[in-house]
Amino acid sequence: MRQLGIQTILHNSGDTETVIPALVVAGILLLLLWGIIHRIISSRKRYLHVDDMEGLAFEEYCAQLLRDNGFLEVEVTKSSGDFGVDILAEKEGVTYAIQCKCYTSDVGVKAVQEVYAGRDFYDRMVGAVLTNQYFTGPAVEAAKKLKILLWDRDYLEQMMEE
């Protein structure tokens, strides 16, 4: 069986004005398809053992993770009446108020609002929300406006690897 090269196809078709644009379109479609497949594969969340934790266990785990990553004076607050802050910590002279959320879906704006209030209540320099998931658009928008750090699943995985 004889293989046809691009020159043979162009020569035999007689209509290069049609074939070349068709090849370009086919190439673009292949790139788009590859991009979609890549995005689907990379968006699948890798299972993390923290995904099965309950709230208090997740808070304790996060506290230890912070210690392991150089945070000092790490303290888990009492479970009720914590003013939206689960962990108090310090690193390199900066004090943190951290809200922990172990969810099965994206974290919303309420967590940002809570840690914003808790940051001031505990007189901390920085407020952060740490989660095993990601954040909704409104949560990201509020965090930017209120200057709250958002530590999502990717950040959590980085901390786990260090």
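Gly-70 comes after helix 3 and has a positive phi, near 90 degrees. This is a predicted model, where local features need pLDDT of at least 70, side-chain atom pairs count only at pLDDT 80 or more, and totals for chains, interfaces and linings use all residues. Residues are numbered from 1 along each chain as its sequence is written, and side-chain values use heavy atoms, without hydrogens and water.

Helix 3 spans residues 55–68. Helices are DSSP runs (H or I, at least four residues), as are strands (E, at least two), numbered from the N terminus. The buried residues of helix 3 are Phe-58, Glu-59, Cys-62, Ala-63, Leu-65 and Leu-66. They fall within an arc of 165 degrees seen down the axis, so they line one face of the helix. That arc is taken over directions from the helix axis to the C-beta atoms. Leu-56 and Asp-68, on the other side, are exposed. Buried means under 20% relative accessible area, exposed over 50%, partly exposed in between (1.4 Å probe, protein chains only).

The whole structure holds three salt bridges. Each is a side-chain nitrogen of Lys or Arg within 4 Å of a carboxyl oxygen of Asp or Glu.

| Salt bridge | Closest N and O atoms |
|---|---|
| Lys-101 with Glu-114 | 3.9 Å |
| Arg-119 with Asp-120 | 3.7 Å |

Arg-119 is buried, at 10% relative accessible area. Shared partners join Lys-101, Lys-110 and Glu-114 into one network. Within helix 4, Glu-114 and Lys-110 lie four residues apart, about one turn. Lys-110 is exposed at 55% relative accessible area. Glu-114 is partly exposed at 22%. Lys-101 counts as buried at 15% relative accessibility.

Definitions and conventions: Expected span 1.5 Å × (residues − 1).
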